[in-house]
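Work through the exercises below with the sequence and the structure in view. Try each task before reading its solution.

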Amino acid sequence: MESKVMDLDRSKNCDGRNYSGCTIVSKNYFAYALTLRNSFLKNHPDGAFHILIVDTKDETFKVDDGVAITWVEDLNIPNFTSYAIRYDILELNTNVKPTFLLMLLEKYKKVTYIDPDIKIFCPLDIIFDRLNDHSIVLTPHIVSPIIDSMKPGEVDFLINGQFNLGFIGVNDSEQAIEMLRWWQARCLEQGYNEPAQGLFVDQKWINLVPCIFSGVYIEKSLGCNMAYWNLHERLLGQKDNEWVVNATEPLYFFHFSGLLLNEENDISKYQNRFDLVQRPDLKIIFAAYRQELRDNGHLKFQKIKYGFATFSDGKYISSVSRRLYRISEFPITRDNPFLVGSEFYKFCKSNNLFANPSGAKSYNSYNTNHNDIRLKIIRYGMKIAFLLLGVEKYQLLLKYMIYIASIRNQRDIFK
């Protein structure tokens, strides 16, 4: 089912400005959005900036006058609650991106989406000028090889996507509109965070964009989207009191992805290549950015609970139940699945699918303790399986486990 959007009237600009930046957050991340907004408008005083809040609509949520916000429920996505319940907070925040961009292109000739954990350091003329001659501007994760064995490596970009969708620039051309509608349909229906299945929310789809659509420009400037994943090729310095990369290019924007606010020497929780002791060139901007987040109220905002995390009675929705929502027994309808009386709530109750609010410890390739007794038990069980099945059937088992690792492929288990 493709979500329809209205035909765009691009003959006028409602507020007199022809370009805008935008970002998407839930309420607990709002300090990041304010920090980004301030840096964007400081460098683009004649531009506009819009914030989409992916959370339950709350009229008591106070923002400063002049901050343009849109609630996700006002994007007019058909049967929106079915998407809010099937996707977790990361997935939903990313998967409504093309819909938000389509909405903004009704007002502006050029729009840049920028992740909330980015800060702008100088005017993005390099991007907006590209959009005079190109419909879409993308930034790759890396522009030179990685030669060490640290994380992330080149294989991670093959898995998660070669372009970082913390940034994208589009104009109001027919090519960009066509791409956004294509992307919107894929995000809303298949925007899962399932790398083993070839899916990584909105980002992995963009690998196809330069092949399918015309007017795509790949911006390889070292000053665009500097982040933990490309620090092997970029060194920060100062020239005439301005930040420069590799002593040659302005720092346009830095992506503080995976920042840990209270870990002063850490660069990102998603990498193990550098820290700020090894990279003193980054210390000043990281310290300043952490302080800006505090000044913009992050300690207050981070306590706000995600509105789509629970059913109407406060019981937490598990990641397993979110995936099971798509099984055939629960077709998309206009009924609100968050309500206690819904068929989906009854299904979760009867199958003990409510989540523990404290949650399980999050393991990933950066923090896994391979001496954990639970992992040892799993490895022992796999060894027994190998001895019982033999090498050929064991290989078939592993292939099947890749498939069954997606809960969406486990519907027979939960019938």
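**Exercise 1.** Does Glu343 count as buried or exposed, and at what relative accessibility?

Solution. Begin with how the model is to be read. This is a predicted model in which local features need pLDDT of at least 70 and side-chain atom pairs count only at pLDDT 80 or more, while totals for chains, interfaces and linings use all residues. Residues are numbered from 1 along each chain as its sequence is written, and side-chain values use heavy atoms, with hydrogens and water left out.

Next, take the cut-offs: buried means under 20% relative accessible area, exposed means over 50%, and partly exposed lies in between (1.4 Å probe, protein chains only). Glu343 has a relative accessibility of 53%, so it counts as exposed.

**Exercise 2.** Which side chain meets that of Glu343 in a salt bridge, and where do both residues lie?

Solution. A salt bridge is a side-chain nitrogen of Lys or Arg within 4 Å of a carboxyl oxygen of Asp or Glu. The partner of Glu343 is Lys346, at 3.5 Å from N to O. Both residues belong to helix 12 (residues 343-350), where they are 3 residues apart, about one turn of the helix. Helices here are DSSP runs of H or I with at least four residues, strands are runs of E with at least two, and both are numbered from the N terminus. Lys346 counts as partly exposed because its relative accessibility is 44%.

**Exercise 3.** Where do Asp202 and Lys97 lie, and are they buried or exposed?

Solution. Start with the pairing: Asp202 forms a salt bridge with Lys97, with the closest N and O atoms 2.7 Å apart. Asp202 is in the loop between strand 9 (199-200) and helix 8 (209-212), whereas Lys97 is in helix 4 (residues 97-104), 105 residues apart. Both Asp202 and Lys97 are buried.

**Exercise 4.** What is the phi of Val201, and where does Val201 lie?

Solution. First recall the background. Most residues other than glycine have a negative phi, and most peptide bonds are trans. Val201 is not a glycine, yet its phi is positive, about 40°. Val201 is placed in the loop between strand 9 and helix 8. With a relative accessible area of 2%, Val201 is buried.

Asn246 is another non-glycine residue with a positive phi, about 55°. Asn246 is found in the loop between strand 13 (242-245) and strand 14 (249-250). Its relative accessible area is 30%, so Asn246 is partly exposed.

For the peptide bonds, look at the one from Lys151 to Pro152, which is cis, with omega near -5°. Pro152 is in the loop between strand 6 (136-138) and helix 6 (154-160).

**Exercise 5.** How many disulfides does a search of the whole structure find?

Solution. A disulfide is a pair of cysteine sulfur atoms within 2.5 Å. The search finds 0. For Cys22, the nearest cysteine sulfur is that of Cys187, 14 Å away. Cys22 counts as buried because its relative accessibility is 0%. For Cys211, the nearest cysteine sulfur is again that of Cys187, 17 Å away. Cys211 has a relative accessibility of 68%, so it counts as exposed.

**Exercise 6.** In which strand is Thr112 found, and which residues does Thr112 touch?

Solution. Thr112 is part of strand 4 (residues 110-114). Contact means heavy atoms within 4.5 Å. Leaving out residues up to four places away in sequence, Thr112 touches Ser20, Gly21, Cys22, Phe40, Ile127, Phe128, Phe167, Ile168 and Gly169. Thr112 counts as buried because its relative accessibility is 0%.
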